[in-house]
Amino acid sequence: MADFGDVALRSDDLDGVLNEACRLVGEALGTGRAKVLEIEHEEQSLWVRAGVGWSPGIVGHLRLPMSEHSSETFAIEAAKPVITQDIGKEERFDVPPFMKEAGVVALANVPIFLPGGRPYGLLQVDDVRPRDFDDEDTQFLRTYATILGPVIDRLLLARALRTTEERFRLTVEAALDYAILISDPEDRITDWLPGAAAVFGWTAEEAIGQPSAIIFTPEDRENGQDRWEVETARKEGVAPNVRWHLRKDGKRVFIEGSTRALRGPNGALLGFLKVGQDVTERRRSEERLRENAARLEVLVGELQHRSRNLLGVVASVASKTLGEDGAAAAYQARLKALSRAQGLLSEFGSDTADIGALVQAELAAHVEVKPPKVLVSGPEVHLTSRQVQNFTLALHELTTNAVKYGALRDGTGQLAINWEVSRSEKGRRLALTWIESGVHLEPGQVTRRGYGRDLIERGLSYALRGRTEYVLGADGVRCRIELPIT
C-alpha cells in the first residue's frame, strides 16, 4: 500500500496508476491476477480498464453488459465486498464466460467510490484455486479501494483540466485575428497571447511589462482614452474598445472588442482582460463603399438633371414641329410627366422615389388636390427608377382621363386613390386602387379604348411583371394595379 502511495503521488497517468494498483494487490494477496472495472453509465456496461494476469484482448478492450445476474452488477448493487470461494457453487449471480475460460475459481471484489459517494467501479482479485478470502483480505481490499477513490478523482480532474487547457491553447493560438491580452491592476501587460502578437506585431517578450497604452494611437493617449477604458471597466465591469489602434511598425488596425475587469472571489481587482477582433479590412471596405456611394449619388443626380433637360428639349422640338394641339399636346403632356418623375428621383437623392410623392405630383399638375373631392392614402413605398418611369406614365393616363371625362372634370365626382403592401413566400407586392365615383359618362365614352388603357393593361404587365384590372363603368373608372417590389 505504501508502494502504491508513492506511485499515485508521482504519476498523472490514470491507466498507469490503476494497472500498478492491480499488480500490487494481486501480489499482496498472492493471486497474481486482479482488475479494475469502470462503470460506463450511458452504455450501461462495465469496462475492464486495468488489470494484470489476463490474456491479450481483455484489459482495455472488454466491456461487460450490466445485466441483472452478473457478478459485477450484484457487487455494485450490494455496495459492499462480495466473496466467492468457488464459482462452481455460486447461485447468487452468473460469472462472465471470459473468467471461466481463464480458469477463475474464487474471487473477491469491493466497490470503488469517488468523493461524494459517486460509484466508480470495482476492484477485484481472482484466483484459479478455491480460496477462502478471510476478513483480513477483505479489509485490505476495502482500504485499498478507499485510497483509490480520491486518487482516481484527482487524476480524472487533472485530465479534464489538461484537456480544457489544451483546448484553450489551441483556440487562442488559432484565433490569430483576435488580439487577447491580460494586464495587471496598473494596466501593465502580463499575458500576451499569440493573437495579440499577430495583430499588433510585438512579441510576448517585447510586450510583457509594458503599459497596454502602447497599442493606442498617439491622439487617443493624448485624450486619455486608454485611462478612460480601464477606469470604466474598473467601475462598471466592462468597457467598449472600438477604435483604431497602433501596431509596432506604425501601421494602424481597427479593433472591435472590449476590456473587462478581472476580480477575485473577494472582489479584489486582479487585472484586465482585453479581447478584440481585427476588422481593419472590413472597416476600410465600408469606408470605400461610403465614399463610392457619395460619388454615385452625385452621378445619379447629374444624370437625372440631364434627363430632365433632354426631356425639355424634346418637348420644345415637338411643340415647334407638331404644334400645340391634338396628339402633339398629349405627347408633350407625357414628356412632362416623365420629367416630373425625374425631378422626384433627384429630390430623393437616389434611384428610387416614393409612390405617394409620384401620385401627389401628378395630381397637382392637373387639379387642386384636396379632400373630399380627392382622397389619397397609403404607406411609404419606394419604387425603383425603372418602375417609376412606367408607373408615372400609367398615373398620367389615369389622371388626364379623369380630368377630361371622369371624376376630376367638374365638381360632381370623387376620386379615391389607395395603396398597400402585402407579403408572401414570393416577396412583397404593391397594390394600388384608383376608384372614381359620381361620374356621368355618355354611352359612347364607356366603350372608349385608347393609348392610356393599353399602357395600363398591357404595358405594365410586360414592363413591370404587374397585374392590372381596368373597368370603365357608368360612374367612372375603377383600376387596380399590382406589381412586385423590393
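The side chain of Thr-31 reaches the backbone oxygen of Arg-33 at 3.0 Å. Keep in mind that this is a predicted model. Thr-31 sits in the loop that runs between α2 and β1. Is Thr-31 buried or exposed? Its relative accessible area is 15%, and the cut-off for buried is under 20%, so Thr-31 counts as buried. Which residues does Thr-31 touch, if neighbours within four places in sequence are set aside? They are Gly-26, Val-125, Asp-126, Asp-127 and Arg-131.

As a reminder, strands of a sheet pair through backbone hydrogen bonds, in either a parallel or an antiparallel way.

One pairing in more detail. Strand β2, residues 45-52, is joined to β3 by 3 bridges, and the two run antiparallel. Across that pairing, Leu-46 stands opposite Leu-64 in β3.

Next, Glu-40, which has its place in strand β1. With a relative accessible area of 12%, against a cut-off of under 20%, Glu-40 is therefore classed as buried. What does the side chain of Glu-40 have as a polar partner? The side chain of Arg-63 does that, through a polar contact of 2.8 Å. Beyond neighbours within four places in sequence, Glu-40 is in contact with Arg-63, and also with Ser-45 and Trp-47.

A brief stop at helix α3, residues 71-78. Buried residues in this helix are Ser-71, Glu-72, Thr-73, Ala-75 and Ile-76.

On to empty space. Rolling a probe the size of a water molecule over the atoms shows where such space is left. How many cavities of 30 Å³ or more does the structure hold? There are 3. The largest cavity has about 60 Å³ of space in it. Its lining is made up of Ala-179, Leu-181, Phe-200, Ile-215, Asn-241, His-245, Ile-255, Lys-274, Val-275 and Gly-276. Three strands each supply at least two residues of that lining: β7 at 178-183, β9 at 238-246 and β11 at 269-278. Which strand gives the largest share? That is β11, with 3 residues.

Last, the chain as a whole. The secondary structure comes to 15 helices and 18 strands. The chain has 486 residues, and 41% of them are buried. For contacts with a separation of 6 or more, 56% are between residues 24 or more positions apart.

To go back to where we started: Thr-31 is in the loop between α2 and β1, and Glu-40 is in strand β1.

Methods
Residues are numbered from 1 along each chain as its sequence is written. This is a predicted model: local features need pLDDT of at least 70, side-chain atom pairs count only at pLDDT 80 or more; totals for chains, interfaces and linings use all residues. Side-chain values use heavy atoms; hydrogens and water are left out. Two strands pair if DSSP finds at least two bridges between them. Helices (H or I, at least four residues) and strands (E, at least two) are DSSP runs, numbered from the N terminus. Buried means under 20% relative accessible area, exposed over 50%, partly exposed in between (1.4 Å probe, protein chains only). A polar contact is a pair of N or O atoms within 3.5 Å; within protein, one must be able to donate a hydrogen and the other to accept it, and residues adjacent in sequence count only if both atoms are side-chain atoms. Contact means heavy atoms within 4.5 Å. On a 1 Å grid over the protein atoms alone, a cavity is a set of points where a 1.4 Å probe fits but cannot get out, and a pocket is an open set with protein on both sides within 12 Å along at least five of seven lines; lining residues have an atom within 4 Å of a point. Grid points are joined across faces, edges and corners, and a volume is the space filled by probe spheres set on the points.
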